[in-house]
Amino acid sequence: MYDTNFDGQRLMCHPREVAEWLLRGATRGPLYTEMELTKRCNCRCLFCGVDYEVNASREALEAGLGRRAVEELAGMGNQAVLFSGSGEPLLHPQAAEIVAYSAARMNTALATNGVALTGDRLALIDGLAWIRFSVNGGSPQSYATVQGTASEWFERVLANIAAAVRRKRDRSLRVTIGVQLVLLDANADTTLELGRRVRELGVDYFTVKPFSAHPLGSKRLQVDYGRFNELARDLKALETGNFRVIYRARSMAKLNQPKPYGQCYGTHFVSLISANGDVWECNVFAGDARFLIGNVAQQSLEDIWNGPRRREVLEFIAHDLNLAECRDVCRMDECNRYLWRLKHPWEHDNFI
């Protein structure tokens, strides 16, 4: 069974690590790490939040360094790795090798546009906990417009998803296969059709999320999500016993709203490793030197995690970071709401 509450948080499933943080104000390592294999991407998405660095270099994570990082993370208690980042992971020539190495040691997932999931690369899904395909249009035309690609890639990607579903069924794999769409004015009229198509392919879920401006990116799209209530109902009607629709209404409602907490605590539990080996305290602010805590090619991850530079960054986050700079739908937002409540209990919280 997998959690479909994509707008929630799962820190409550890790009480020992949270208790350690509450008692010591520190953790021995991250619980979850995002690892970027490359900064290259074969799409030019209309909504791309990392347009400030995608394709800015041809950097790729050296395979040996990636394996070493995985080993060190496992030793620090890290529970899960997501291969994602500013580039398309499958453009890395050794992506399958690195992903399989991680999957043999901890829960591992992959976020991909799916264009390059062909041939031998398809085998990398075998050890994954989940794979999520980013497909941002329900017709060749809307897909090409939003993803900045050739229209014929639309059917190619759907064929690759179908191949992944067949492999899952033929080999009785545990991998959860999902498709994600960022809802925009440019693809709204084809979103329901995409939901129908991916249901027919046999994926496990289809999720629709809002656009959220990245603090370092240039994209500043304005979308009125209040006008899509009928679409949300129609999408929900597509659900079957084996197919779920996750319409992220809670994330949409949080857009342009102030944070209900006074400090970001979430970075104590996550990390991001860039394609050049840089390690970042915040996965949103990768590329902002204020959040750089080290480089895994130069130091061990344990030394970085416990080192003076990270302490400086944590002090900055605690005392100087303006939360208004942060992304509206930050991955750690719900975790921060939870942690803030633990640190600042309400008057009647003892009446359990």
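This is a predicted model: local features need pLDDT of at least 70, side-chain atom pairs count only at pLDDT 80 or more; totals for chains, interfaces and linings use all residues.
Where is the place of Asn113? Asn113 sits in the loop between strand S3, residues 107-112, and S4. I'll come back to that loop.

Now some of the pairings. S3 and S4 run parallel, with 4 bridges between them. Next, S5 and S6. They are parallel too, joined by 6 bridges. Val182 has its bridge partner in S6, and that partner is Lys209. Then S6 and S7: parallel, over 4 bridges. Tyr205 is bridged to Arg244 of S7.

Stay with S6 for a moment. Is strand S6 largely enclosed or left open? Of its 6 residues, 205-210, 5 are buried, so the rest of the structure largely encloses this strand. S6 also takes part in two crossover units. With S5 and H6 it makes a right-handed β-α-β unit. With helix H7, residues 229-236, and S7 it makes a right-handed β-α-β unit as well.

On to the helices. For H5 and H6, the angle is about 35 degrees and the axes are 9 Å apart. Which residues make the contact? From H5, they are Phe154, Glu155, Leu158, Ile161, Ala162 and Val165. From H6, they are Leu194, Arg197, Val198 and Leu201. By class, that contact has 8 nonpolar residues, 2 charged and no polar.

Helix H4 spans residues 140-147. Its buried residues are Ser142, Tyr143, Ala144, Val146 and Gln147. What covers them? The cover includes strand S4, residues 130-134, helix H5, residues 153-171, and helix H6, residues 188-201. After H4 comes Gly148, with a positive phi near 65 degrees.

Back to Asn113, as promised. Is Asn113 buried or exposed? Its relative accessible area is 6%, and the cut-off for buried is under 20%, so Asn113 is buried. Look at its polar partners. The Asn113 side chain makes a polar contact with the side chain of Asn42, at 2.8 Å. A polar atom of the Asn113 side chain also lies 3.1 Å from the backbone nitrogen of Val115. Beyond four places in sequence, Asn113 is in contact with Cys41, Asn42, Cys43, Glu88, Ser134, Gln147 and Val157. Gln147 is one of the buried residues of H4.

Ser86 is in the loop between strand S2, residues 80-84, and helix H3, residues 95-103. Ser86 is buried, with a relative accessible area of 6%. Which side chains does the side chain of Ser86 meet in a polar contact of 3.4 Å? That one is Glu53. Glu36 also has a side-chain polar contact with Ser86, at 2.7 Å. Setting aside residues up to four places away in sequence, Ser86 touches Glu36, Thr38, Lys39, Cys41, Val50, Glu53 and Val54. Cys41 is also among the contacts of Asn113.

Last topic: backbone angles. In general, most residues other than glycine have a negative phi. Two residues here go the other way. Ser172 has a positive phi of about 50 degrees. Ser172 lies in the loop between H5 and strand S5, residues 176-183. What about its accessibility? Ser172 counts as exposed, at 63%. Asn256 has a positive phi near 65 degrees. Asn256 is in the loop between helix H8, residues 249-254, and strand S8, residues 270-273. Asn256 is exposed, with a relative accessible area of 68%.

Notes. Residues are numbered from 1 along each chain as its sequence is written. Side-chain values use heavy atoms; hydrogens and water are left out. Buried means under 20% relative accessible area, exposed over 50%, partly exposed in between (1.4 Å probe, protein chains only). Contact means heavy atoms within 4.5 Å. Axes are lines fitted to C-alpha atoms, for helices over the stretch in contact, and angles run from 0 to 180 degrees between N-to-C directions. Ala, Val, Leu, Ile, Met, Phe, Trp, Tyr, Cys and Pro count as nonpolar, Asp, Glu, Lys and Arg as charged, and the others, Gly among them, as polar. A polar contact is a pair of N or O atoms within 3.5 Å; within protein, one must be able to donate a hydrogen and the other to accept it, and residues adjacent in sequence count only if both atoms are side-chain atoms. Two strands pair if DSSP finds at least two bridges between them. A crossover is right-handed if, with the strands pointing away from the viewer, the path from the first strand over the helix to the second runs clockwise.
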